[in-house]
Amino acid sequence: METILPLGTIIAFAGQINPQTYLCGADNFSPSPSNNTGWILCDGSEVSETVFPMLFNAIGNLYGGFNGSFYVPDYRGYFLRGLAVNAGQDPGFANRIRLPNGENAGVGSTQQGMIQQHEHLYNNYPVQQASGGQYFGAASISHQEISSTTELLSNGYNLSGEETRPKNIYVNYLIYSGIGQM
């Protein structure tokens, strides 16, 4: 079966993975389409250059490798980001971490998590209730910077925790290696 997909194409797969079909580690890879759909789980597995020569031609040793083997990318736990060409598209462009065989700002480079610098300002209204339900004393208004974000709640769900992240859902990232590689 021929396809128009370029080798090395990454997809987000929303189904469960059958390890015998997609996991291509040292004991599982095979050039046979019956054991390989042409897609490999992006879990950092080491694969053989002779078993997957077309994928090796596409990504080489970008993610590591030696002695006739190379590694597929390990995208577990990552959000993918399109390649930027300058700091206007990616403010942290100059501080990316390169792969062993990659470029600082090239495909496969990573960035550490970050929270954009910001402040939370809240108004403090020193108001007292007088007899008859009247309020007074609101003439002195001050701003106080609040640095703690503990126990931020939304509909009873705690929004503060161990990382900054967008709302997300798990998927399996797969890389296209070609079908019937040998």
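A salt bridge is a side-chain nitrogen of Lys or Arg within 4 Å of a carboxyl oxygen of Asp or Glu. Side chains of opposite charge can pair when their charged atoms come close. This is a predicted model, where local features need pLDDT of at least 70, side-chain atom pairs count only at pLDDT 80 or more, and totals for chains, interfaces and linings use all residues. Residues are numbered from 1 along each chain as its sequence is written, and side-chain values use heavy atoms, with hydrogens and water left out. A search of the whole structure turns up three salt bridges.

**The D74 pair**

- D74 forms a salt bridge with R76. Their closest N and O atoms are 2.7 Å apart.
- D74 is partly exposed, at 32% relative accessibility. Here buried means under 20% relative accessible area, exposed over 50%, and partly exposed in between (1.4 Å probe, protein chains only).
- R76 is exposed, with a relative accessible area of 55%.

**The D90 network**

- Salt bridges link R81, D90 and R96 in a network.
- R81 meets D90 through their side chains, at 3.4 Å from N to O.
- D90 also pairs with R96 in a salt bridge, at 3.4 Å from N to O.

**Burial in the network**

- R81 counts as partly exposed, with 47% relative accessibility.
- D90 is buried, at a relative accessible area of 2%.
- R96 is buried, and D90 is too.
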